[in-house]
Amino acid sequence: MKNIFAKGTEHFVQPKQWESMRKAKALEAKLGTKIVHFEKGDYAGNDFTLPGHIIEATVAAVREGDVRYDPGPGIPPLREAIAKEMAKRGRETSVDEVIVSAGAKHGLFMTLLTLLNPGDEVIFPNPGYPPDEVWIRYCGAVPVYAPLKPPTFQFDLDALESVITPKTKLLIINSPQRPNGQLVKDLDRLAEICLKHDLLVISDEIFSNIVYDGEKHETIAAIPEMKDRTIVIDTFSKTYTMTGFRMGWVVAPVHIAEKLSVFLQDSITNVSVPIQLGGLAALTGPQEVFEGMRSRLKVKRDRMVAGLNEMGLKTLLPPGSFYAFPDITSTGMTSSQFTEYLMNEFGVAVVSGTAFGSQGEGYVRMTFAVPDEEIDEGLARMAKAVARLK
Ligand SMILES: Cc1ncc(COP(=O)(O)O)c(C=O)c1O
């Protein structure tokens, strides 16, 4: 049998950003060695257990038989709560502009497939979020990389403008950024560029609530002229430690939201209702528990960043997200060499910066949403690894 696969899937490979996770699992299974896990984009350990009121709301829905199809873009009270959350960010939102998706990733997937035609160009931050690129290519569209300038990984606005062509349709912004936790600055100037060149924007704001030191997350969608050309994507995964619930949202102008609603209904029908009710409890219930988690995350961030700098790996304090992004060039290795070396010889799993694009060279990504003992053990192992290279 020849050519059984659709052309759009020719570039499919196992996700690059999870390569370390796959290898760490295999090593643990094969050798039984304890790997320190800094590679996951997730919470680990007892500092981040799911609050009881979310569990109760979800379980009660199952118990009470709220377990049927509910085709549509989301249950009304949840869409209302999301609209209010968006208004707090300065983007007034009506309920019919809200779509509840199966995670931010699903929101990104639906949005890209809804907007892109073959040959369209999409300006994509480098480093950026690899699944976006997978779906851009699936559509036959072209990712055009806008280099983010280390160490603060901001857009070089002149470089960005220079890659815009008449085929450019969309700009992807990701703030607070991954893999480095920086807040995207110059939103006004970015908006000017989008208006001048008639670009749409996807604003991926999955770490909107994981911001430290009094810094504030800002959305380009709050700029009045941008409201109708920006699609905001967010998630319950990071703010509410609900990664396994697989639920997020898209906020878009009504004419785009209507298309997305059809896309959603014709693909997954709806996000499971008990899961949506868990999300509603998260958004509308007590918030102190999440504030506590954020305070713990900040302490962990400071602990990890201090340890990395002490061993000679220059690391900025990230103003957002739960990732440290140390500069590893002093080791004399490339990002992927250092990642392999740490994993194979010291049992520490990190992600090579290049998993997110060529501009990630010279860096690795490390998650600090893990137990303190894990941070200490991992840093002790890394200090030995770095010392051995000197
Ligand atoms: C930039 C970015 N967008 C989207 C997602 C997907 O989030 P979700 O868990 O809601 O699918 C992630 C996950 O880490 C991410 O880093």
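## Second largest pocket

By class, four nonpolar, seven polar and eight charged residues line the second largest pocket. Here Ala, Val, Leu, Ile, Met, Phe, Trp, Tyr, Cys and Pro count as nonpolar, Asp, Glu, Lys and Arg as charged, and the others, Gly among them, as polar. The model is predicted: local features need pLDDT of at least 70 and side-chain atom pairs pLDDT 80 or more, while totals for chains, interfaces and linings use all residues. Residues are numbered from 1 along each chain as its sequence is written, and side-chain values use heavy atoms, with hydrogens and water left out.

A pocket is an open set of points on a 1 Å grid over the protein atoms alone, where a 1.4 Å probe fits and protein lies on both sides within 12 Å along at least five of seven lines; lining residues have an atom within 4 Å of a point. The second largest pocket has a volume of about 470 Å³, a volume being the space filled by probe spheres set on the points, which are joined across faces, edges and corners. Of its 19 lining residues, Glu-85, Lys-88, Arg-89, Ser-208 and Asn-209 lie nearest the centre. Helices H3 (76–88), H10 (273–284) and H11 (288–310) each supply at least two lining residues, and H3 gives the most, with four. Helices are DSSP runs (H or I, at least four residues), numbered from the N terminus.

## Largest pocket

The largest pocket holds about 540 Å³ of space. It is lined by 23 residues, and Trp-18, Gly-41, Tyr-129, Lys-238 and Arg-246 are the closest to its centre. Helix H1 (19–31), H4 and H8 each give two or more residues to this lining; the largest share, three residues, comes from H4. The lining has seven nonpolar, seven polar and nine charged residues.

## Ligand site

The ligand sits in the largest pocket, meaning that more than half of its atoms lie within 2 Å of the pocket's grid points. Helix H4 (104–115) and helix H8 (236–239) are the elements that give two or more residues to the shell around the ligand. The shell has 13 residues, the closest being Ala-104, Arg-178, Asp-204, Thr-235 and Arg-246; a residue is near the ligand if one of its heavy atoms lies within 4 Å of it.

A polar side-chain atom of Asp-204 is 2.7 Å from a ligand nitrogen atom. The protein covers 93% of the 390 Å² of accessible area that the ligand has on its own (Shrake-Rupley method, 1.4 Å probe).

Definitions and conventions. Polar contact = N/O pair within 3.5 Å; in protein donor to acceptor, adjacent residues only side chain to side chain.
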